[in-house]
Amino acid sequence: MADGRFDVIIVGGGVMGCSSAWHLMTRAPDLKVAVIERDPTYAHASTPRSAGGVRQQFSIAENIEMSQYGLGFYQAFGDHMAIDGDKPDVGLRQQGYLFLIGDQSRETALAVNALQRDLGAKNELLEPDAIKQRFPSLHVGDVALGSFGPEDGWMDPHAILQGFRKKAGALGANHITGSVDSITCADGRATGVVLGDGSRVDGDHIVCAAGAWSAALLRTASVDVPVDPVRRMVFYFEIREELEPLPLLIDMTGFYFRPEGRGYICGKSNPAEPAGDNFEVDHTWFETEIWPAMAERCPPFEALKVMNAWAGLYDVNRLDENMIIGPWPDGPANLYVLCGFSGHGLQQAPAAGRAIAELVLDGGYVSLDLSRLGCARVKTGEPFREAAIV
Ligand SMILES: Cc1cc2nc3c(=O)[nH]c(=O)nc-3n(C[C@H](O)[C@H](O)[C@H](O)COP(=O)(O)OP(=O)(O)OC[C@H]3O[C@@H](n4cnc5c(N)ncnc54)[C@H](O)[C@@H]3O)c2cc1C
């Protein structure tokens, strides 16, 4: 039983919940914060199943700036999360992201690059020859342009989650194991949550950070977000040859790959994937949709061996595939939505956690205005689209 009263209740102890708890506790050490997580092994959570990428290559300013804060934060993660001098290592590898661009997207790429550079990103546009010079293994005959982010890279999502979780706990956040059945409201305010065992936890502020499972929970408070769990698969493979250090490559046909350990991981989103908690790996998807195109792009991948594969869930916002943050218009002002991150939540978690801390402690955004990513656009059905969704 978990009955009690807290200043802030966070439902979901994935990277969003734990980052929110860390940012709250860092700013207000006396705050009583509860993070309620139904499965502390995180067997099905999205965070540890993530590909771990961080990039400043987005098309809207908020996403670029959130990733910039995220990158800086992860560079100093060991210091932020140190406990008794023990610093977690998130294995940040800034080996670059390379988006390959076809002729029809050249103009958009130029405009987007200008915005990214205005905001301080060092992203470069590369002609095919320059790509080939840097990455001789790649075939670039059909490529019009490459967008290369030299500071972009990838990290270990599991280490990030554990770092946030442990440090938030060390700072005084209460980690409670339990499954939240519903959010309770009275007189237009959220008042607490009811757990599966019937116990109740009361709180002044409630943050719903339940990832791909957020929509059902929010509906119990009459908040209706169009967020679905959608399967995404990741395949790990090895080859015999040793290649030049490759970046995380995002192909114009939709697949991506990047180095991982002694091999590579890759994936490709299926636009027709039905919503649902599906964790089965479909190897046909790799054989038909990824491998042929990937071997064409990088011929040494013709002779590869898949050694491992897993599936995880994106929390897909059907309206525009961007995050949804903050209170619902005309809903309880002390209930904060925090979901819909699709495939870019890991890198946005530091900025999202900081934003939640500002909403709770300052009553509005202080450092980065995320109003355009709030619930208002969802309620009115006006998408705020990001062009660089993977
Ligand atoms: C295959 C894949 C690749 C990805 N690649 C990248 C990438 O390269 N870069 C990037 O930035 N992002 C990536 N992402 C996205 C990123 O992993 C997610 O956006 C992020 O992890 C979401 O964090 P979260 O805390 O919201 O969700 P989760 O990690 O799923 O955490 C939510 C938690 O809430 C708990 N919960 C749910 N309902 C309840 C309830 N009722 N009561 C109590 N607890 C509850 C769950 O058990 C879970 O632990 C990827 C995701 C996947 C699946």
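Reader: What makes residues of H1 and H6 count as meeting each other?

Author: In this predicted model, two residues are in contact if their C-beta atoms, placed from the backbone, lie within 7 Å. By that test Val15, Cys18, Ser19, Ala21, Trp22 and Met25 in H1 meet Ile160, Leu161, Phe164, Arg165, Lys167 and Ala168 in H6. By class, the residues of this contact between H1 and H6 are 9 nonpolar, 1 polar and 2 charged.

Reader: Why is H1 called oblique to H6?

Author: The two helices, H1 and H6 (residues 157–170), pack at an angle of about 40°, and their axes are 9 Å apart. Angles under 35 degrees count as roughly parallel and those from 65 to 115 as roughly perpendicular, and the angle of H1 with H6 is therefore classed as oblique. As for its hand, the crossing in which H1 passes H6 is left-handed.

Reader: Which residues of H1 and H9 meet, and how many of them are nonpolar, polar and charged?

Author: On the H1 side they include Val15, Met16, Trp22 and Arg27, while on the H9 side Gly345, Leu346, Arg354 and Leu361 are among them. The residues of this contact of H1 with H9 divide into 12 nonpolar, 5 polar and 2 charged.

Reader: What makes H2 roughly perpendicular to H9?

Author: H2 and H9 pack at an angle of about 100°, with 7 Å between their axes. The range from 65 to 115 degrees counts as roughly perpendicular, so H2 is roughly perpendicular to H9. In this contact Met66, Ser67, Tyr69, Gly70 and Phe73 in H2 meet Gln347, Gln348, Ala349, Pro350, Ala351 and Arg354 in H9, and by class the residues are 6 nonpolar, 4 polar and 1 charged.

Reader: What makes up the shell around the ligand?

Author: The ligand is surrounded by 39 residues, of which the closest are Gly12, Gly14, Gly211, Gly312 and Gly345. H1, strand E2 (33–37), strand E12 (227–239), strand E16 (304–317) and H9 are the elements that give two or more residues to this shell. By class, the shell around the ligand has 18 nonpolar, 16 polar and 5 charged residues; Gly counts among the polar ones in this scheme.

Reader: How many residues of domain 1 and domain 2 are in contact, and which element gives the most on the side of domain 1?

Author: In the model, 17 residues of domain 1 are in contact with 21 residues of domain 2. Strand E3 (53–54) and helix H2 (61–75) each supply at least two residues of the side of domain 1 that touches domain 2, and H2 gives the most, with 5 residues. The residues of that side of domain 1 divide into 5 nonpolar, 9 polar and 3 charged.

Methods:
Residues numbered from 1 in each chain as written. Predicted model: local features only at pLDDT ≥ 70, side-chain atom pairs only at ≥ 80, totals over all residues. Helix = DSSP H or I, 4+ residues; strand = E, 2+ residues; numbered from the N terminus. Near = placed C-beta within 6 Å. Axes fitted to C-alpha atoms, helices over the stretch in contact; angles between N-to-C directions. Parallel < 35°, antiparallel > 145°, perpendicular 65-115°, else oblique. Left-handed = near helix turned anticlockwise from the far one by under 90°.
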